[in-house]
Amino acid sequence: MSDIFREVDEDLRRDRAEHLFKKYGGAMIAAAVLVVAGTGGYSYWRHWQAQQKQEQTAALVTAISQSAQGPEKGVEALSAFAGSAKPELAAIAQFNAAALLIRQNKPDEAATVYDGIAANGSVPAEYRDLATLLAVTQRAEKGDPAQLTAKLQPLTVDTSPWRFTARELTAMLAARAGDTEKARTLYKQLADDQQAPSGVRGRAADLASLYGKG
């Protein structure tokens, strides 16, 4: 008797399974196809992204190499590359272009390039902050000390990777503005900061002593 009941139970299960497949089989197959297609599509997208990055990196290297024909050629090639590249690689190209402009004794043009990087919200924050720092550096001797100090202020906080250079520049701008007491205080703080690079501490100690005598 148990064998008969088992056969009947198996028949019922088979009938139920066939019924469910007839009702939902199409949707199940479609879902499976979407999963496979999605996995394949994602893999293809990852491969395409990697290939694009490799191609753009190679193009960036080629653009940088154009500076061997002269700074002007390098700036031209790097600017052209930056115009169509992804933001991060475009920023690297612009940093290189600005460096070439500095070599040509064109600080104002270099600062303008840095300004463009700093204003681009698609570029990583570290790049933007570095561009701000370098733009101020190019204008430090002739630019308005108050305006430049205001640009540096966000970079002087303890969490900024550029804080030591930003603080040193702030002290220099204070001295340029005639505020020697502020300059001395800032240089003294840098000289006493054991986390600051040794070169920065050394310069700061000398200048703190110099302004202290004044």
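I take buried to mean under 20% relative accessible area. The model I examined is predicted.

**Aromatic pairs.** I looked up Tyr114 and noted a relative accessible area of 4%, so Tyr114 is buried. I then searched the whole structure for aromatic pairs and found 3. One of them joins Phe95 and Tyr114, with ring centres 6.1 Å apart and 45° between the planes, a tilted arrangement. Phe95 belongs to helix α3 (residues 87–103) and Tyr114 to helix α4, so this pair ties together parts that are 19 residues apart in sequence. Phe95 also counts as buried, at 16% relative accessibility. I next recorded the pair of Phe95 and Tyr127, which is edge-to-face because the planes stand at 75°, with the centres 6.2 Å apart. Tyr127 lies in helix α5 and Phe95 in helix α3, so the pair ties together parts that are 32 residues apart in sequence. I list Tyr127 as partly exposed, with a relative accessible area of 22%.

**Largest pocket.** I noted a volume of about 180 Å³ for the largest pocket. Its lining includes Pro107, Asp108, Gln138 and Arg139. Helices α4 (107–118) and α5 (125–139) each supply at least two lining residues, and α5 gives the most, with 3 residues.

**Ser160.** I located Ser160 in the loop between α6 (145–152) and α7 (163–176). Its relative accessible area is 6%, so Ser160 is buried. Leaving aside residues up to four places away in sequence, I found that Ser160 touches Pro154 and Leu155.

Technical notes:
Residues numbered from 1 in each chain as written. Predicted model: local features only at pLDDT ≥ 70, side-chain atom pairs only at ≥ 80, totals over all residues. Heavy atoms only, no water. Helix = DSSP H or I, 4+ residues; strand = E, 2+ residues; numbered from the N terminus. Buried < 20%, exposed > 50% of the residue type's maximum accessible area, 1.4 Å probe, protein only. Contact = heavy atoms within 4.5 Å. 1 Å grid on protein atoms, 1.4 Å probe; cavity = no way out; pocket = protein on both sides within 12 Å on 5 of 7 lines; lining within 4 Å. Points joined across faces, edges and corners; volume = space filled by probe spheres on them. Phe/Tyr/Trp six-rings, centres within 6.5 Å; stacked < 30°, edge-to-face > 60°.
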